[in-house]
Amino acid sequence: MVYSKAKDCVIARYFGASSATEFAIPPLELRHRYPHSGLRHSPEDQVDVAAGVHPVRFEAKGNYGVSVHWSDGYFTDIIPFDVLKKVAQEVAGSSADKQ
């Protein structure tokens, strides 16, 4: 996983036996999700996040997930890779629906 400043998105790549898939996730979309389920925060749990906040570091957690350090000092606990992929697929599906 990497943050692309030029695209203002988190790039997640998944590799299969014979293929690779790349997903782009807007930073605030990732920030406004519960890390263990990938569900969006409920309105009462959602916190305002300043525009331009982005990941500054990803920290691998074994072979099961990643934690995210944000530019405003916030730290997202472990996001399992399967949850991250689910979020990425939802974002990709919703952007395809808008085209």
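How much space lies in the largest pocket? About 190 Å³. The views below come from a predicted model, in which local features need pLDDT of at least 70, side-chain atom pairs count only at pLDDT 80 or more, and totals for chains, interfaces and linings use all residues. Residues are numbered from 1 along each chain as its sequence is written, and side-chain values use heavy atoms, with hydrogens and water left out.

**View 1. The largest pocket and its lining.** The pocket is lined by 17 residues. Arg31, Arg33, His41, Tyr74 and Thr76 lie nearest its centre. Helix 1, strand 6 and helix 2 each supply at least two lining residues. Strand 6 gives the largest share, three residues. A pocket here is an open set of points on a 1 Å grid over the protein atoms alone, where a 1.4 Å probe fits, with protein on both sides within 12 Å along at least five of seven lines; lining residues have an atom within 4 Å of a point. Grid points are joined across faces, edges and corners, and the volume is the space filled by probe spheres set on the points. Helices (H or I, at least four residues) and strands (E, at least two) are DSSP runs, numbered from the N terminus.

View 2. Strands count as paired if DSSP finds at least two bridges between them.

View 3. Three bridges join strand 1 to strand 2, and six join strand 2 to strand 3. Val10 is the bridge partner of Tyr3. Val10 is also partnered with Ile25 in strand 3. Tyr14 stands opposite Thr21 in strand 3. Strands 1 and 2 form a hairpin with four residues between them, and Asp8 in that turn has a positive phi of about 50°. Strands 2 and 3 form a hairpin too, with four residues between them. Strand 2 is mostly covered, with five of its seven residues buried. Buried means under 20% relative accessible area, exposed over 50%, and partly exposed in between (1.4 Å probe, protein chains only).

View 4. Three strands form an open sheet in the order 4-5-6, with antiparallel pairing. Strand 4 (55-61) and strand 6 (75-80) are the edge strands, each with a single partner, so one side of each is left without a neighbour in the sheet. Four bridges join strand 5 (residues 65-70) to strand 6. Val66 stands opposite Ile79, and His69 stands opposite Phe75. Strands 5 and 6 form a hairpin with four residues between them; Gly73 in the turn has a positive phi of about 90°.

**View 5. Ser67 in strand 5.** Ser67 lies in strand 5. Ser67 is buried, with a relative accessible area of 0%. Contact means heavy atoms within 4.5 Å. Not counting residues up to four places away in sequence, Ser67 touches Arg57, Phe58, Glu59, Lys61, Phe75, Thr76, Asp77 and Ile78.

**View 6. The largest nonpolar core.** This core has 17 residues. Those with the most contacts inside it are Tyr14, Ile25, Leu30, Trp70, Ile79 and Leu84. Strand 2 (9-15), strand 3 (20-25), strand 5 and helix 2 (81-98) each supply at least two core residues. Helix 2 gives the most, five. Leu30 touches Val10, Ile25, Trp70, Ile79 and Leu84, leaving out residues up to four places away in sequence. A nonpolar core is a set of buried Ala, Val, Leu, Ile, Met, Phe, Trp, Tyr and Cys residues joined through side-chain atoms within 4.5 Å.

View 7. His32 is found in the loop between helix 1 (27-31) and strand 4. His32 counts as buried because its relative accessibility is 19%. Leaving aside neighbours within four places in sequence, His32 is in contact with Leu39, Arg40, His41, Gln46, Val47 and Val49. Asp82 lies in helix 2. At 60% relative accessibility, Asp82 counts as exposed. The C-alpha atoms of Asp82 and His36 are separated by 9.7 Å, with the two residues 46 apart along the chain.
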